[in-house]
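User: Hi! Could you walk me through this protein, with a look at its charged side chains?

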Amino acid sequence: MKKILVLMLTLIMALSLTACGKSDEGASTGAKDSDLAYVKDKGSLVIGITDFEPMDYKDDSGEWIGFDADMAKAFAESLGVTAEFVEIDWDNKIMELDGKTIDCVWNGMTLTDEVTSSMECSKAYCNNAQIVIVPKDKADQYQDTDSLSDLTFAVEAGSAGEEQVSALDLNYTAVKAQADALMEVAAGTSDAAVIDSLMAAAMVGEGTSYADLTYTVGLNSEEYGVGFRKGSDLASALNDFFASSYKDGSMTECAEKYGVQAAIIEQ
């Protein structure tokens, strides 16, 4: 009888230990799978960006500023972590994200089919369009898509601009960033560029760095979102942050600082 009792107690203890092990393993897995927990644990939100005024660009002291940069800093602060900015090759943004060299892509990113299928994206927060940039003294020659066929374009690799010129079967050279595309046109090495309308408003025309350039044809309309790793719970956290920031007026205040308030989408 004693032997039977001992065996029963041993069995019960073994089952209890197994159950505890599974419970602990489940808790560990849950934490491991949570991007929010991962970011909080390491104490930083690493943000993949390019030089893209007025969304992400450096001030005279070398600090990253802009509508996206400032909102990213505020989001990181709300999580109790610091914001770190890393310039990336835009064409490699998904690989950088999946490889955990960055935690999100927050840089005026168009919500294309490729982006939404490869990333966990926030709700759209800003309207945009892809537009054609040409020298001001030639603008009257290029007022519709039919007039663009003989031009050579510079576009950012992996961007919505590249997608548009490719769809129109136009000749183009892919460059590292939209700022490089503008430099190509200014230098005369490309006839035209396709960039985001928000960037064009900040960098092209009278009173800007490219006073001799202007924009003509609008190729589409689109929306910006922030991308995280597929399945990431950070996207939901950011949606909540966007909603509260819109409600308390801080999102609009930030947008007004950089002149993009007309493009903000109600949250």
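User: How many helices and strands does the protein chain have?
Analyst: Happy to start there! Helices (H or I, at least four residues) and strands (E, at least two) are DSSP runs, numbered from the N terminus. This is a predicted model in which local features need pLDDT of at least 70 and side-chain atom pairs count only at pLDDT 80 or more, while totals for chains, interfaces and linings use all residues. Residues are numbered from 1 along each chain as its sequence is written, and side-chain values use heavy atoms, leaving out hydrogens and water. For the protein chain, the tally is 10 helices and 13 strands.

User: What percentage of the residues of the protein chain count as buried?
Analyst: Buried means under 20% relative accessible area, exposed means over 50%, and partly exposed lies in between (1.4 Å probe, protein chains only). Among the 267 residues of the protein chain, the buried share is 46%.

User: Which residue forms a salt bridge with D103?
Analyst: A salt bridge needs a side-chain nitrogen of Lys or Arg within 4 Å of a carboxyl oxygen of Asp or Glu. Here the closest N and O atoms are 2.7 Å apart. D103 sits in the loop between α4 and β5 (104–110), and its partner is in helix α2 (residues 35–42), 61 residues apart. That partner is K42.

User: Which residues are linked with K42 and D103 in a network of salt bridges?
Analyst: The K42 and D103 pair belongs to a network of salt bridges.

User: How many residues apart are E63 and K73, and why does the pair tie parts together?
Analyst: The side chains of E63 and K73 form a salt bridge, with 2.8 Å from N to O. E63 is in the loop between β2 (57–58) and β3 (64–65) and K73 is in helix α3 (residues 67–79), so the pair ties together parts whose separation in sequence is 10 residues.

User: Which helix holds K257, the partner of D70?
Analyst: D70 and K257 meet through their side chains in a salt bridge, 3.5 Å from N to O. D70 is buried at 16% relative accessibility, while K257 is exposed at 57%. The pair links distant parts of the chain, 187 residues apart: D70 is in helix α3, and K257 is in helix α10 (residues 250–257).
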